[in-house]
Amino acid sequence: MIGPHSHAHWEEEQLGKAFDLRLLRRLLRYARPYWRLFALALLLSGGISVIELALPYVTKTAVDEVLVLPWVEVRGEVPPGLEALPLGEGRYLVREKHIPADLRETWEHQGLLGGRWLVVSEEAAEAEVARRHPDLFLAVPGGYALAEEGLRELPRPEVLALRAPQYRTLGLLALVFLAFLLVRFGLTYGQVYTLQFAGQRIMFDMRREIFGHLLRLPMSVLDREPVGRLVTRATNDVAAINEMYTRALVTLIQDFFMMLGVLAIMFRLNARLTLYLLAFAPVIALLAFWFRKKARTAYREARKVLAQLNAYLAESLSGMAVIQLFRQELRSLKRFQEINREFFRAQMRTIMAFGLFQPAVAVMQNIALAFLIWYGGRGVLAGAFTLGGLIAFTSYIRTLFQPLVRFSEEYNVLQAAMAAAERIFMFLDLPKEPRGKKPVPELRGEIEFRDVWFAYNDEDWVLKGVSFRVRPGEKIAIVGPTGSGKTTIISLILGFYRPQRGQILIDGVPLEELDLSAYRRQVALVPQDVFLFSGDVWDNIRMWNGGLGKEEAERAARLVGVHDYILRLPEGYATDVKERGMRISVGERQLLSLARAAAADPKLVILDEATANVDSHTEALVQQALEKVMSGRTTIAIAHRLSTIRNADRVLVIHEGQLVEEGTVEELLERKGLFWALWHLQFAGAQG
C-alpha cells in the first residue's frame, strides 16, 4: 500500500501531439450542435479585432489632423497639381498630407521645408481673430495664414477661438474612441458569455456520455481501473477540453486575423519600416520552436509526477488507519516528501521554460520598439513619416507581439486538452458490457452451470469445469475455503463476467442471450459490505425506482424488522445517511440492504456473506429477516458461518475452483469430506 503505484505512468504515456487533427475531429463532434454559438463568437471576435485595429488609427488621426498644424512651408517651386498657397518671396504653403513621401523626403534633404502654419478661411468665424492681429497673420488667397511661432503669442482665449474647429474635431474623435471602447466592452462580454455557454454545454454533453459509458462498462474493466482515474476522466479532463474550446481555439483564430490586419495597416502606413520590423520574425520563430520543445518535455514530466503524487495521496488517505496502526507515519511522510520534491523540480523546469520564453519575446518587442523609435523618428524628422503614424506604429507593434506572448499560455492549454482528449477517447473506446436482447418477462429462478471454466487473467483458472443446477424456489448454499471461487460464481450468475468455456443458463436460456437489464431487475443482491448512497433512507430502500412508492418501501422495512429503528433516526425515513451510510451502524446497514432487496420483489436472491460483519445478536435479527426475504424465492447464499446454512435445501462445496461435494447439510456431514472438515474446524474453534 505504501509502495509506488504501478499505474501512475499510464496517463502520461497518453500525451500525444500538442495539436492532433485526429483528436480534434472527434472533439468537433461535440461542438457541432453549437456551431452557431461558435460562429457568433468568431463574428464577435472579428468585431473586437476591427476595433483593436481602429483605436490606434483614431489616435493617428487626432495627432496628424488636429494636434499638428496641417500646412507646411516650402521654399521653392511646387509641382503642378499640388495645392499651394503663395506666401511671397518664393515661399508656398502646402498641405502636408498631400505631399508624396518621396517628394517630402527630397525637400527635407534639400532644406526646402520650413515650419508649420495654420490657415483660416476668410469666411470663417475664426477670421475675426486674424483681422485683429495683422502683425501675426499673413494674407493668402482665400484667407489668412499664421506661423506656429505666432500661435504661441496669441492670448489663450483667442487661441481657443482660432482653433475651435480642431477642438470640435478632437472632441468628436474622443467620443468615437470612447464609443469604440464601449462597443468593444459589449462585444467582449458577448464573446465570453457565448463561448462559456457553448463550453459548458459541451462539458455537460461529454460528462453525460462518459458517465453513461461508465455505467455500461463490464466489471472486468472497472476492476482494473482505479476509481480516481475514472473520476478524472469526467472532471479534470473534461475541464481541460473546455479550456481549449473557450480559450485556445477562438483566441488562436482571433490572433491570426489580428496579426494579418495589423500587418496590412502597417504596410499601408509604411511598407519599408514594416519590412524592417518583420526581420525580427525569424528570431521569434526560433524562440517559439525552442519553447515548444522545452515546454512539452517539462510539461510531460510534471504531469507524470503529479499523477504519482495524486495516486499516493489518495492511497494513503484510504489506508490511513493501517498507516497509523503499524506506525508508518514517518515512512509515509518521507515517501510523500520524495514525490512532492520531484514534483516541485518538475514544476520549476516548466516554469523556467515559460519564464524564459515570455521575457525573451518581451525583449524582442522592446528591441523592435527601440528600432521603431529610432528609424521612425528619423523618418518623422526627414518628413517621410508622420508623427501620428509613428504613434500608431508603436501601438500596432505591441498588438503584433501580444499573440506571441499569449502563445505560451495557449500552447499549454492546447497540449493539456489534446492529452485529456486522448485519455477520454481511449476510455470511450473501451467496449461496453455485452448484453443480449431476449426479454425476461417473468423469471422462474432456474440456474444451470454446464462445465463452466473461468479465469480473470489468461488461463489462470478460478473455476474449472463447474456444473450444477438450481431449481426454481430452491435455497442453495455455497461454501468453501477462501479463494475457492465462491464469489466468482455469484459474479457469473449476475452477468458481470462471461465464462471462457462452458455455458450458464437462466430458465433454460443462455445468459449471454438475455436482456441483462430486464434480468437484473428481477434479481436482488445482498452483499457482505453494504453500500448506501448519499441521500435519505427512502431513496436507499427504493434505489430511485420511480415505480416503488413510500408505502412499498415502508412495507419492506417492516418485513425485515428495521422499521422501528428507522423511526428512531433524527428524521425517520427522510434522514440523510451521508456518504456510504456512515451514520448507520453495520447491522442496520445490513437490514436496510435486506429491505432494499425485499422492496424490489425479486425472483432470485443472492446473499454474499450477508452475516459476516455483524455480531451474534444482529446476526439473529438478520437471519430472521433473511428467512422472510428468501421465502418463495430462488436463493443462492455464500456463507462462511456454517451455522447460517442449516435451512439450505442443498450445499455446494467449492475447493480450488471445482465442485467437490453437493448435498444437504446432514448428507455432507455423514460423508466426512471437506464440508465435514470445515464444519468441525469452525465449531471446534468456537468451543475452544
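Is Tyr375 buried, partly exposed or exposed? Tyr375 is partly exposed, at 22% relative accessibility (buried is under 20% relative accessible area, exposed over 50%, partly exposed in between, with a 1.4 Å probe and protein chains only).

## Basis

This is a predicted model, in which local features need pLDDT of at least 70 and side-chain atom pairs count only at pLDDT 80 or more, while totals for chains, interfaces and linings use all residues. Residues are numbered from 1 along each chain as its sequence is written, and side-chain values use heavy atoms, with hydrogens and water left out.

## Aromatic pairs

The structure holds 17 aromatic pairs (ring centres of Phe, Tyr and the six-membered ring of Trp within 6.5 Å; planes under 30 degrees apart are stacked, over 60 edge-to-face, the rest tilted). Tyr193 and Phe197 are stacked, with centres 6.4 Å apart and planes at 15°. Phe371 and Tyr375 are also stacked, with centres 5.7 Å apart and planes at 10°.

Phe371 and Tyr375 lie 4 residues apart in helix α14 (residues 329-382) (helices are DSSP runs of H or I with at least four residues, strands runs of E with at least two, numbered from the N terminus). Phe371 is partly exposed at 23%. Ring pairs join Tyr276, Phe371, Trp374 and Tyr375 in a cluster.

## Sheet

An open sheet of 6 strands runs in the order β2-β3-β1-β4-β6-β5, with antiparallel pairing (strands pair if DSSP finds at least two bridges between them). β2 (84-88) and β5 (137-140) are at the edges, each with a single partner strand, so one side of each lacks a neighbour in the sheet. β2 pairs with β3 (residues 91-95) over 4 bridges.
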